[in-house]
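Here is a short tour of one protein model, written to be read with the structure open beside it. Let us take a look together.

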Amino acid sequence: MECSPKSEQAQESQILMKTHTPDITPQLKDCSELPPGTSSGVYDITPVNGPTISVFCEMDTGNGGNDYLHAILRQRSYQVRFEVEDFSGNTAYAIYSAMYVGDESTNYTLSLTGYEGTAGNAMVDHNGTPMNGMMFTTRDRDNDISTSHNCGNIKKSGWWHASCT
């Protein structure tokens, strides 16, 4: 399982092109099913009840997606909107008036405030604990508030977990 990046020089900057990786057996449902140590790259995944799609899986700890998210969000105040649709075609939305993600020194602490919409505030756990103020947890960085286990391992995902919900 290897990403085959190619680089070429263009006016003193480096362009990194990612190419599609070979199919993996058994079929993956999402990027979290890739084994530890897998390179970032484009992989085929097949979500439950969905078609096979090619997605980019960011597997590197450093300079990952959260670094880029922080770089964008630190520029000014941003609003974020999530639109969802169920299998019956019903749609809903959630708008947060302010979103910010801290840098690595804060463990990418999430600031998300000002909910309005029809989807319900999904940025809380089942106990009503808001994700606002949570640090980002991964399988190898346990930053959640659960005292009994690492939510990144339990949920097989990186997220601003409160108590593994």
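Predicted model: local features only at pLDDT ≥ 70, side-chain atom pairs only at ≥ 80, totals over all residues.

Residues are numbered from 1 along each chain as its sequence is written, and side-chain values use heavy atoms, with hydrogens and water left out.

**Overall layout**

The protein chain has two helices and seven strands (DSSP runs numbered from the N terminus, with helices being H or I of at least four residues and strands E of at least two). Along the sequence their order is β-β-β-β-α-β-β-β-α. Of the 165 residues, 28% count as buried. The accessible surface of the chain is about 10,500 Å², and carbon and sulfur atoms hold 51% of that (Shrake-Rupley method, 1.4 Å probe; for residues, only the protein chains shown count as cover). Among contacts with a separation of 6 or more, 31% come from residues 24 or more positions apart (a contact means heavy atoms within 4.5 Å).

**Aromatic pairs and the charges over rings**

How many aromatic pairs does a search of the whole structure find? There are four, where rings of Phe, Tyr and Trp (its six-membered ring) pair if their centres lie within 6.5 Å, and planes under 30 degrees apart count as stacked, over 60 as edge-to-face and the rest as tilted. Two of them are set out here.

| Pair | Centre to centre | Angle between planes | Type |
|---|---|---|---|
| Tyr96 and Tyr115 | 5.6 Å | 50° | tilted |
| Trp159 and Trp160 | 5.2 Å | 70° | edge-to-face |

Tyr96 sits in strand E6 (residues 91–101) and Tyr115 in strand E7 (residues 110–117), so their pair ties together parts that are 19 residues apart in sequence. Tyr96 is buried, with 3% relative accessibility, while Tyr115 is partly exposed at 27%. Ring pairs also join Phe82 to these two tyrosines, giving a cluster of Phe82, Tyr96 and Tyr115.

Two arginines lie over tyrosine rings as well. The charged end of Arg76 is 4.3 Å from the ring centre of Tyr78, and Arg81 lies over the face of Tyr93 at 4.4 Å from the ring centre (a charge sits over a ring if NZ of Lys or CZ of Arg is within 6 Å of the ring centre and within 35 degrees of the ring normal).

**The nonpolar cores**

In soluble globular proteins, nonpolar side chains tend to be buried together. Here the largest nonpolar core has 16 residues, and those with the most contacts inside it are Tyr96, Met99, Val101, Leu110, Leu112, Met123 and Trp160 (a core is a set of buried Ala, Val, Leu, Ile, Met, Phe, Trp, Tyr and Cys residues joined through side-chain atoms within 4.5 Å). Strands E5 (78–85), E6 and E7 each supply at least two residues of this core, and E6 gives the most, with four. A second, separate core of five residues includes Leu34, Tyr43, Ile45 and Cys57.

Trp160 is worth a click. Leaving aside its neighbours within four places in sequence, its contacts include Asn66, Leu69, Val101, Tyr108, Leu110, Met131 and Phe136.

**The disulfide**

Which cysteines form the disulfide? Cys31 and Cys57 do, with their sulfur atoms 2.0 Å apart (the cut-off for such a pair is 2.5 Å). The link is left-handed, with -75° about the S-S bond. Cys31 lies in the loop between strand E2 (13–17) and strand E3 (41–45) and Cys57 in strand E4 (residues 53–57), so the link ties together parts that are 26 residues apart in sequence. Cys31 is partly exposed at 23%, whereas Cys57 is buried at 0%.

**Loops and backbone**

Tyr108, in the loop between E6 and E7, has a positive phi of about 55° although it is not a glycine, and is buried at 8% relative accessibility. Lys156, in the segment after H2, also has a positive phi of about 55° without being a glycine, but this lysine is exposed at 51%.

Asp125 belongs to the loop between E7 and helix H2 (151–154) and is buried, with a relative accessible area of 5%.

Conventions. Buried < 20%, exposed > 50% of the residue type's maximum accessible area, 1.4 Å probe, protein only.
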